[in-house]
Amino acid sequence: MVRCVILALFLSLSCTKPSLAEGFSLEEIAPGVFAHQGQTALMNGGNIGDIANLGAIVGDDAVAVIDTGGSLIEGRQFLAALQQKAAKPIRYVINTHAHPDHIFGTALL
């Protein structure tokens, strides 16, 4: 039953039109270390699941992503912002834990 609820939430967030396309921010907080601060809210279609903090570390040859976001839409925004900051391939995805707001963007990578 829990899996069905999670799948339904995932599908509803993935099919929602992006409302935060211009509002997604990815800040360099240290050389080669990028962070996105999620909203303080419950995950819903209005915020496209953007409630988790996401990050990326750019190494010499590749990028490691830490958590991927709460929907495919947020994952796309994260990937687009990251590609503007670093022109290296993503070789590592580290999902810190299995909450939907941290992992639903993984399907994009």
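**Entry 1: Overall make-up**

I began with the secondary structure of the protein chain, which comes to 3 helices and 5 strands. I took helices (H or I, at least four residues) and strands (E, at least two) as DSSP runs, numbered from the N terminus. From the N terminus on, I read the elements as α-β-β-β-β-α-β-α.

I noted that this is a predicted model, where local features need pLDDT of at least 70, side-chain atom pairs count only at pLDDT 80 or more, and totals for chains, interfaces and linings use all residues. Residues are numbered from 1 along each chain as its sequence is written, and side-chain values use heavy atoms, with hydrogens and water left out.

**Entry 2: Confidence**

I looked up pLDDT, the predictor's confidence in each residue, from 0 to 100. Its mean over the protein chain is 86, and 80% of the residues reach 70 or more. Over residues 4-21 pLDDT stays under 50. For that stretch the model has 30 contacts beyond four places in sequence, a contact being heavy atoms within 4.5 Å.

**Entry 3: Totals for the chain**

I checked how much of the chain is buried (under 20% relative accessible area; exposed is over 50%, partly exposed in between; 1.4 Å probe, protein chains only). Of the 109 residues, 40% count as buried. I also took the contacts between residues at least 6 apart in sequence, and 60% of them join residues at least 24 apart.

**Entry 4: The sheet**

I traced an open sheet of 5 strands in the order β1-β2-β3-β4-β5, with mixed pairing. Two strands pair if DSSP finds at least two bridges between them. The edge strands are β1 and β5 (90-94), each pairing on one side only. From one strand to the next the twist averages 25 degrees. Axes here are lines fitted to C-alpha atoms, for helices over the stretch in contact, and angles run from 0 to 180 degrees between N-to-C directions.

Helix α2 packs on the sheet and touches β2 (33-36), β3, β4 and β5. The direction of α2 makes about 30 degrees with that of β3.

I reminded myself that strands of a sheet pair through backbone hydrogen bonds, either parallel or antiparallel. Then I went through the pairs:

- β1 and β2 are antiparallel over 3 bridges, and E27 has A35 in β2 as its bridge partner.
- β2 and β3 run antiparallel and are joined by 4 bridges, with F34 opposite A56 in β3.
- β4 and β5 pair in the parallel sense over 4 bridges, and V63 stands opposite I90 in β5.

**Entry 5: Strand β2 and F34**

I followed the side chains along β2 and saw them alternate. Leaving aside neighbours within four places in sequence, I found F34 in contact with L26, E27, E28, L54, G55, A56, V58 and K85.

**Entry 6: Aromatic rings**

How many aromatic pairs does the structure hold? I found 1. Rings of Phe, Tyr and Trp (its six-membered ring) pair if their centres lie within 6.5 Å; planes under 30 degrees apart count as stacked, over 60 as edge-to-face and the rest as tilted. The ring centres of F24 and F78 are 6.1 Å apart and the planes stand at 45 degrees, so this pair is tilted. The pair links distant parts of the chain, with F24 in the loop between α1 (2-15) and β1 (27-30) and F78 in helix α2, 54 residues apart. Both F24 and F78 are buried.

**Entry 7: Positive phi**

I listed some residues with positive phi. In the hairpin of β1 and β2, which has 2 residues between the strands, G32 takes a value near 75 degrees. I48 is not a glycine, yet its phi is near 45 degrees. I48 lies in the loop between β2 and β3 and is buried, with a relative accessible area of 0%. D67, also not a glycine, has a phi of about 65 degrees. D67 is in the loop between β4 and α2 and counts as buried at 3% relative accessibility.

**Entry 8: A30**

Last, I looked up A30, which is in strand β1. A30 counts as partly exposed, at 30% relative accessibility. The C-alpha atoms of A30 and I57 are separated by 9.5 Å, while the two residues are 27 apart along the chain.
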